[in-house]
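User: I have a new structure to go through and would like a short tour. Can you take my questions as they come?

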Amino acid sequence: MKENEEIRIGVYVCHCGLNIGGVVDVKEVAEFASKLPNVVISKDYRYSCSDPGQDMIKNDIKEYKLNRIVVAACTPRTHEPIFRKAIEEAGLNKYLFEMANIRDQCSWVHLYEKEKATEKAKDLVKAAVARANFLKPRFESKVKINRKALVIGGGVAGIQAALDLADTGYKVYLVEKEPTIGGRMAQIDKTFPTMDCSICILAPKMAEAGRHPNIEIFTNSEIKEVSGYIGNFNVKILKKARYVTKDCTACGDCAKVCPQVHPNEFDVGLRVRKAIYIPFAQAVPTKYIIDKDLCLNLKKGTIVCEECLKACGDKKAINFDDKDEIVEIEVGTIIVATGMDVYDPSKNHDYGYGIYENVITSMEFERLINAAGPTEGHLIRPSDWKIPKVVAFIQCVGSREMKNGAKYCSNVCCMNTIKDTLLIKEHWPDVQQYVFYQDIRAFGKGFEDLFRRAKEEGVVFIRGLPSKIEETPEKNLIIHAEDTLLGEKITLEAELVILSVGLVPRKDSEELQKLLALATSSDGFFLEAHPKLRPVDTAIGGVFLAGCAEGPKDIKDSVTQASAAAARAGILMAQGEVTVEALTPELNTDLCKSCGMCANVCPYHAWLWSKEERSLPKLVEASCAGCGACGAECPQEALDMGHFPDEAIYAQIDALLEEKAWEKVIVFACNWCSYAGADLAGVSRFQYPPVGRIIRTMCSARIRPDFVMYAFYKGAGAVLMSGCHIGDCHYNFANRHTLRRYEALKKRIERMGIRADRLQLQWFSAAEGIQFAQKMRELAEFLKTVTKEEVEKTKEILQKNWKKTKKLERYLEIKEKLLVPVGGTK
């Protein structure tokens with residue numbers, strides 16, 4: 001658009017049937033909007049998102065030469081793309097569109113306060129129109145996609161994702177920390193609900209990945225560095241020395257003569273391995289590896305041992321001079337399939353794990369019951385290697401615990417135990433089995449049938465977890481519990497107790513999180529972009545999740561998610577290029593002082609800046625996710641924040657607080673969590689007083705301190721800063737800057753003589769609609785303590801003690817010139 005082109009806004013207020021029209025006086029709101037600055041036409045329509053509704057908007061754009069469109073309807077989180085596409089078809093830039101959310105955040109949450117809901121709707125439309133005046137055309141850039149993929153993690157999910165991509169024709173690098181691919185599934189004896197051999201179905205996939213021409217496997221390797229952006233990632237892989245060459249035939253002669261032994265990790269320490277070893281028979285690659293920390297010849301010392309070298313003979317597969325190396329690759333997409341760890345019950349001594357020999361974990365049981373395990377599949381108890389006559393399983397060890405474990409359900413434990421009870425019944429039918437549980441969660445296909453079968457075969461299920469376990473002189477175990485169904489206390493003597501341990505995030509996941517700038521949930525698992533609509537995407541473009549890296553799941557769900565992640569990555573690579581949303585900031589080089597603050601706070605390292613060179617920062621647009629943390633941090637105000645400019649936010653504050661400001665709360669809400677939580681309150685019809693006025697930002701880190709100060713300057717009774725929970729931020733760690741600024745702001749306004757409790761901070765998840773509604777109720781009560789006189793005094797304090805920012809001053813200068821009332825149709 002031309003610099004001095006007249007702004008011509010069209011406003012369309014939707015009835016949404018009775019969803020809005022049954023509460024809000026839509027015609028009154030449309031009439032109100034017709035008198036707002038630069039509004040050329042204002043209409044109400046029954047269903048604006050319908051084809052006729054969109055056609056009406058398209059026709060009006062042409063007839064009235066409209067260059068801004070405002071639709072007052074439902075949430076922009078669902079319907080903004082529909083209207084953007086419509087105005088594009090009419091020849092208008094899609095970034096010249098704005099929505100007022102008068103359904104989810106107005107009519108639905110104020111069903112019984114129609115007059116107040118109508119007044120709030122007017123405020124929201126007024127704010128949307130005010131923001132529309134400051135919108136500018138934005139143009140999305142294209143980024144080329146490198147058609148190679150990296151899969152991190154060689155468990156069943158990583159293998160499946162790699163095979164899907166490789167079969168599609170893409171080059172895949174599969175990186176695994178362990179000496180072999182296979183992951184946890186390789187340790188398991190049978191899988192539920194089909195009860196088929198785990199390694200029997202996994203080994204063929206492992207072998208297929210090992211010989212696939214499009215897959216290059218890096219075992220005993222780690223990701224050390226990741227740079228770049230969607231479609232163009234540069235990755236450094238540390239390929240650790242194996243000390244055994246590719247000529248190894250896996251004959252095993254070397255291991256026979258090796259004198260050094262160590263607990264075997266694959267068998268969870270239930271038997272030993274040598275310093276030179278192969279993890280298990282079906283390992284891929286099927287080659288030995290030397291543990292350099294155990295090998296006498298590689299440890300720092302004076303002892304020289306070359307027994308394996310001699311045993312290898314003419315094959316010459318041993319190479320003590322092997323070195324670690326860094327391999328650099330370039331890929332377009334990354335799939336994170338790093339799996340999980342199992343909970344360590346030694347943290348919880350109520351059940352005596354690590355103290356009583358005959359208390360073992362479900363993973364230890366898997367190796368004991370496995371024909372390739374340390375007992376060749378014989379059920380024994382560790383203390384005397386006798387077959388136990390009474391076995392007890394205890395569920396939820398490390399899961400659904402508020403004290404020692406995780407709060408979440410680990411998804412697989414119930415069915416895994418049911419499977420294990422049936423394995424015992426199959427081979428040792430006389431063994432009496434008891435399962436102590438909280439709830440049996442048999443939710444999947446065929447799961448309930450398996451549960452019923454276990455009960456029919458004599459497994460006793462007792463609802464109630466034990467309070468403690470004691471050991472007898474015979475090494476038996478006395479279990480103290482309560483059957484909550486019968487309301488009776490129970491004392492049971494068992495010869496073997498198996499703790500059904502939960503699944504937890506990998507210990508090394510934090511390192512990968514930092515390398516990829518990923519977000520994690522409060523549980524520690526990697527966070528998806530959207531739990532329903534983008535369940536395998538991350539907030540980082542081009543990076544996807546598969547398997548238990550995203551959360552606890554069984555083998556079927558892991559494989560399903562792996563194929564989904566491969567499909568998402570494949571879509572990107574098939575397109576060959578990707579469009580980057582135009583939310584990125586622009587640097588005003590005349591104002592920038594090269595302080596590097598933008599680079600310091602960016603959660604994606606999108607700003608390239610050298611402290612030594614003190615050069616102007618340079619933005620890698622494809623890496624930027626548009627969170628706005630840099631714009632809020634820049635002390636020189638040198639950043640134009642694209643689709644969420646400072647001027648537009650000041651204009652929204654002005655519009656929302658024009659009347660009875662002391663009766664209102666300005667709520668800054670992040671798009672992904674707190675705004676979504678407010679939407680959920682509407683969908684759920686949670687009622688609360690109409691005191692809040694929401695201003696949406698992509699991230700809470702976009703909230704400049706001066707936005708808060710201006711809201712108080714304009715008379716707001718209170719201000720609420722809100723966003724995702726710490727650790728759940730969709731922009732990685734960006735909301736930590738929100739917290740830092742909030743704490744500094746509280747101290748600042750208190751020093752000025754303004755009540756600090758008028759500024760509040762609350763974290764909401766997208767699922768916490770009821771919590772959002774409750775907070776609005778609390779704020780409504782709080783506003784009763786804020787008088788009009790106190791608000792006026794606050795204005796006086798700020799007039800004397802607060803220096804307005806350059807952008808605010810600029811906004812105030814152009815405000816009167818730009819916001820010219822039109823007064824109806826032109």
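Analyst: The notes below cover cavities, helix packing and some backbone features.

User: What should I know about the model before we start?

Analyst: This is a predicted model, so local features need pLDDT of at least 70 and side-chain atom pairs count only at pLDDT 80 or more, while totals for chains, interfaces and linings use all residues. Residues are numbered from 1 along each chain as its sequence is written, and side-chain values use heavy atoms, with hydrogens and water left out.

User: How many cavities of 30 Å³ or more are there?

Analyst: The structure has ten cavities of 30 Å³ or more. A cavity is a set of points, on a 1 Å grid over the protein atoms alone, where a 1.4 Å probe fits but cannot get out. Points are joined across faces, edges and corners, and a volume is the space filled by probe spheres set on the points.

User: What is the volume of the largest cavity?

Analyst: The volume of the largest cavity is about 200 Å³. It is lined by 15 residues, and the closest to its centre are Glu 98, Met 99, Gln 652, Tyr 675 and Ile 694. Lining residues have an atom within 4 Å of a point.

User: Which helices and strands supply at least two residues of that lining?

Analyst: Strand S4 (97-101), helix H5 (114-132) and strand S36 (692-697) each do. Helices (H or I, at least four residues) and strands (E, at least two) are DSSP runs, numbered from the N terminus.

User: And how do the lining residues divide by class?

Analyst: The lining of the largest cavity has nine nonpolar, three polar and three charged residues. Ala, Val, Leu, Ile, Met, Phe, Trp, Tyr, Cys and Pro count as nonpolar, Asp, Glu, Lys and Arg as charged, and the others, Gly among them, as polar.

User: You mentioned H5. How does H2 pack against H5?

Analyst: Helix H2 (residues 26-33) packs on H5 at an angle of about 35 degrees, and their axes are 10 Å apart. Axes are lines fitted to C-alpha atoms, for helices over the stretch in contact, and angles run from 0 to 180 degrees between N-to-C directions. The crossing of H2 and H5 is right-handed; the word applies if the near helix is turned clockwise from the far one by less than a right angle, and left-handed if anticlockwise.

User: Which residues make the contact?

Analyst: H2 contributes Glu 28, Val 29, Phe 32 and Ala 33, and H5 contributes Thr 118, Glu 119, Ala 121, Lys 122, Val 125 and Lys 126. Contact means heavy atoms within 4.5 Å. Five of these residues are nonpolar, one is polar and four are charged.

User: At what angle do H6 and H7 cross?

Analyst: Helix H6 (residues 156-168) and helix H7 (residues 198-211) cross at roughly 50 degrees, with axes that come within 10 Å. H6 is therefore oblique to H7. Angles under 35 degrees count as roughly parallel, over 145 as roughly antiparallel, 65 to 115 as roughly perpendicular and the rest as oblique.

User: Is that crossing left-handed or right-handed?

Analyst: H6 and H7 cross in a left-handed way.

User: Changing topic, where are the cis peptide bonds at Pro 193 and Pro 285?

Analyst: One joins Phe 192 and Pro 193, with omega about 0 degrees, and Pro 193 is in the loop between strand S8 (190-191) and strand S9 (196-197). Another joins Val 284 and Pro 285, with omega about 5 degrees. Pro 285 sits in the loop between strand S15 (276-277) and strand S16 (289-290).

Note on methods:
1 Å grid on protein atoms, 1.4 Å probe; cavity = no way out; pocket = protein on both sides within 12 Å on 5 of 7 lines; lining within 4 Å.
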